[in-house]
Amino acid sequence: MNEFTAIIVAALLLEYALDVIANALNLRALTPEMPAELGNVYEPAEYRRSQEYTRAKTHLGLVAGTFNLLALLIFWFAGGFNALDQVVRGWWDQPVATGLLYIGILVIAYILLSLPFSLYATFGIEERFGFNKTAARTFVLDRVKMLILMVVLGGPLLAAVLAFFEYAGPYAWLHGWAAVTLLSLATSFVAPTWIMPLFNRFVPMESGELKEAILAYARSVDFTIANILVMDGSKRS
């Protein structure tokens with residue numbers, strides 16, 4: 001194990017340990033008995049249910065985090081990253097294209113490994129506590145759309161960064177930073193118009209007291225509003 005490997009492994013283990021300690025302290029602080037100060041806020045049964053829900057979600061997070069860390073370390077020390085690199089290089093002798101394929105395969109593998117935990121969180125824990133509003137079709141479509149967005153938006157950005165490090169010399173990091181920054185800024189503008197409507201339906205807010213209050217506040221702080229839209233958030237947990 002060289003020094004760079006040791007530093008990366010130590011950082012991964014430290015992050016994992018801090019996460020476990022934080023979650024353990026949170027679990028230890030949970031109590032089914034509602035504090036007196038919350039007597040006018042929660043019903044005792046609802047408070048106990050919220051504690052049970054937090055405990056279940058935290059346990060799932062610990063299991064998922066442990067599984068992901070073990071999978072990463074096993075794949076790494078078994079030579080999986082290098083073996084995959086050699087396989088992909090054999091398909092195509094072009095640095096940027098092979099880099100895209102390499103990272104794409106790793107991302108898909110991570111998505112597949114995480115899928116059982118996402119399914120259990122939504123259709124197990126959320127369903128058990130009565131929070132789940134997500135239909136199976138919506139669950140699948142959301143992930144397909146997210147994957148498409150990753151390819152459409154992330155693919156060109158990743159290709160640009162790989163090209164910079166391949167051809168731009170010592171200032172490749174600066175070009176890469178500029179590309180990431182520009183895409184982040186552009187996304188913040190196009191997301192409400194092009195991306196968010198892919199997942200939710202937006203309709204103009206009806207005229208009434210709430211809309212007038214929002215418009216009045218916007219005018220008071222000199223914030224221009226083109227429209228006020230309402231989203232139906234009841235299709236998901």
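Analyst: Reading from the N terminus, the elements of the protein chain follow the order α-α-α-α-α-α-β-α-β. That gives seven helices and two strands. Please keep in mind that you are looking at a predicted model.

Let me give you the overall picture before we zoom in. The C-alpha trace spans about 65 × 50 × 35 Å along its principal axes. The radius of gyration of the protein chain is 24 Å, whereas a compact globule of 237 residues would have one near 18 Å. Of the 237 residues, 21% are buried. If you take the contacts between residues at least 6 apart in sequence, 64% of them join residues at least 24 apart.

Now for the part you asked about: the pair formed by α1 and α2. Helix α1 covers residues 3-29, and helix α2 covers residues 44-77. Their axes come within 10 Å and cross at roughly 170°. An angle over 145 degrees counts as roughly antiparallel, so α1 and α2 are roughly antiparallel to each other. The crossing of these two helices is left-handed.

Which residues make the contact between α1 and α2? On the α1 side they are T5, I8, V9, L12, L13, Y16, V20, N23 and L27. On the α2 side you will find R55, T58, H59, L62, G65, T66, L69, L72, L73, W76 and F77. Sorted by class, this contact has 13 nonpolar, six polar and one charged residues.

T58 sits in helix α2. Is T58 buried or exposed? Its relative accessible area is 12%, and buried means under 20%, so T58 is buried. Setting aside neighbours within four places in sequence, T58 is in contact with N23 and L27. Both of those partners are listed on the α1 side of the contact.

N23 has a relative accessible area of 16% and is buried. Not counting residues up to four places away in sequence, N23 touches T58 and L62. T58 and L62 are both listed on the α2 side.

From α3 the contact takes in F81, L84, D85, V88, R89 and W91, and from α4 it takes in T98, L101, Y102, I105 and L106. By class, the contact of α3 with α4 has eight nonpolar, one polar and two charged residues.

One last stop, away from the helix pairs, is D222. You can find D222 in the loop between α7 (209-220) and β2 (229-231). D222 is not a glycine, although it has a positive phi of about 55°. With a relative accessible area of 72%, D222 is exposed, whereas T58 is buried and N23 is buried too.

Technical notes
Residues numbered from 1 in each chain as written. Predicted model: local features only at pLDDT ≥ 70, side-chain atom pairs only at ≥ 80, totals over all residues. Heavy atoms only, no water. Helix = DSSP H or I, 4+ residues; strand = E, 2+ residues; numbered from the N terminus. Buried < 20%, exposed > 50% of the residue type's maximum accessible area, 1.4 Å probe, protein only. Contact = heavy atoms within 4.5 Å. Axes fitted to C-alpha atoms, helices over the stretch in contact; angles between N-to-C directions. Parallel < 35°, antiparallel > 145°, perpendicular 65-115°, else oblique. Left-handed = near helix turned anticlockwise from the far one by under 90°. Nonpolar A, V, L, I, M, F, W, Y, C, P; charged D, E, K, R; others polar. Rg over C-alpha atoms; globule rule 2.2 N^0.38 Å.
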